[in-house]
Amino acid sequence: MLTRKQLQLLEFIHKRVQRDGVPPSFDEMKDALDLRSKSGIHRLITALEERGFIRRLAHRARAIEIVRLPDAMEPAGFVPKVIEGDAGQAPERPANAMPVEVHAVELPVMGRIAAGVPIEAISEVSHSVAVPGQMLSGAHHHYALEVKGDSMIQAGINDGDVVVIREAQTAENGQIVVALVDGQEATLKRYRRQGGSVALEAANPAYETRIYRGDQVKIQGCLVGLIRTY
């Protein structure tokens with residue numbers, strides 16, 4: 001039996017999937033249920049998953065499969081729908097689960113980016129990768145990079161992952177960016193600027209934060225997504 005909030009959330013997700021083909025974001029869920037923080041949504045999602053009403057797909061953006069509905073909500077002919085948020089192999093689905101079509105965009109993979117000590121600047125396209133259109137913002141150019149190194153593992157970015165980058169020349173403090181150092185070396189790090197200095201922070205205690213003059217660092221783009229294959 002579901003609580004009132006659990007039922008409200010399941011109904012909200014179901015209606016949005018039926019209307020838009022994709023589930024709502026956690027922020028939208030929070031606002032719809034009038035909760036103060038997304039932690040409450042996480043608890044409700046976990047409860048719905050434990051009770052077998054939904055399934056979350058690992059390493060996929062906004063990926064929720066509605067497995068079943070309560071008797072009071074279930075319409076005639078209901079079929080679960082799977083929402084896929086990135087490339088890669090999905091876990092085994094129920095036989096009657098039908099995938100929802102997701103628009104994909106081919107992005108150039110501009111070689112490798114160092115998540116560790118900076119390496120030579122990236123400039124050549126090595127191949128392309130299909131990226132879910134919902135990961136991209138239409139007003140900007142995007143590209144992809146293959147990650148080399150383990151300095152961002154505590155941010156969930158592993159060696160061999162492909163990161164999706166929105167082209168930008170500025171960034172907010174705390175954003176993960178592609179930074180070009182001294183016009184020659186590119187690296188993927190968390191960006192922090194204070195006064196005339198820029199700190200490029202790793203997400204691995206084995207790597208030290210590197211401090212540069214502001215004029216030594218140029219932002220090449222900001223991280224907007226990640227694709228992992230197995």
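The side chains of Asp215 and Arg213 meet in a salt bridge, with N and O 3.1 Å apart; the term denotes a side-chain nitrogen of Lys or Arg within 4 Å of a carboxyl oxygen of Asp or Glu. Asp215 is exposed at 58% relative accessibility, where exposed means over 50% relative accessible area, buried under 20% and partly exposed in between (1.4 Å probe, protein chains only). The model is predicted, so that local features need pLDDT of at least 70 and side-chain atom pairs count only at pLDDT 80 or more, whereas totals for chains, interfaces and linings use all residues. Residues are numbered from 1 along each chain as its sequence is written, and side-chain values use heavy atoms, with hydrogens and water left out.

The protein chain has three helices and 14 strands; helices (H or I, at least four residues) and strands (E, at least two) are DSSP runs, numbered from the N terminus. Of the 230 residues in the protein chain, 42% are buried. Among contacts between residues at least 6 apart in sequence, 57% join residues at least 24 apart, a contact being defined by heavy atoms within 4.5 Å.

Helix α1 (residues 4-20) packs with helix α3 (residues 38-50) at an angle of about 85 degrees, and their axes are 10 Å apart. That angle makes α1 roughly perpendicular to α3. Axes are lines fitted to C-alpha atoms, for helices over the stretch in contact, and angles run from 0 to 180 degrees between N-to-C directions. Angles of 65 to 115 degrees count as roughly perpendicular, those under 35 as roughly parallel, those over 145 as roughly antiparallel and the rest as oblique. On the α1 side, the contact involves Lys5, Gln6, Leu9, Leu10 and Ile13, which meet Ile41, Leu44, Ile45, Ala47 and Leu48 in α3. By class, eight nonpolar, one polar and one charged residues make up the contact of α1 with α3. In this classification Ala, Val, Leu, Ile, Met, Phe, Trp, Tyr, Cys and Pro are nonpolar, Asp, Glu, Lys and Arg are charged, and the others, Gly among them, are polar.

Side chains of opposite charge can pair when their charged atoms come close. The count of salt bridges comes to seven. One of the pairs is formed by Glu11 and Lys15, whose closest N and O atoms are 3.4 Å apart. Both residues of the Glu11 and Lys15 pair lie in helix α1, four residues apart, about one turn of the helix. Glu11 is partly exposed at 32% relative accessibility, whereas Lys15 is exposed, with a relative accessible area of 51%. Arg16 forms a salt bridge with Glu28, in which the closest N and O atoms are 3.3 Å apart. This pair links distant parts of the chain, since Arg16 belongs to helix α1 and Glu28, twelve residues apart, to helix α2 (residues 26-32). Arg16 is buried, with a relative accessible area of 13%, and Glu28 is partly exposed at 30% relative accessibility.

Asp34 is exposed, with a relative accessible area of 68%. Asp182 is partly exposed, with a relative accessible area of 45%.

Ser25 is located in the loop between α1 and α2 and is buried, with a relative accessible area of 18%. Ser25 and Ala63 are 38 residues apart in sequence, and their C-alpha atoms are 9.7 Å apart in space. Ala144, in strand β8 (residues 142-148), is buried at 0% relative accessibility. Residues up to four places away in sequence being left out, Ala144 touches Pro108, Val109, Met110, Val129, Val162 and Val163. Ala144 and Val164 are 20 residues apart in sequence and 4.5 Å apart in space, C-alpha to C-alpha.
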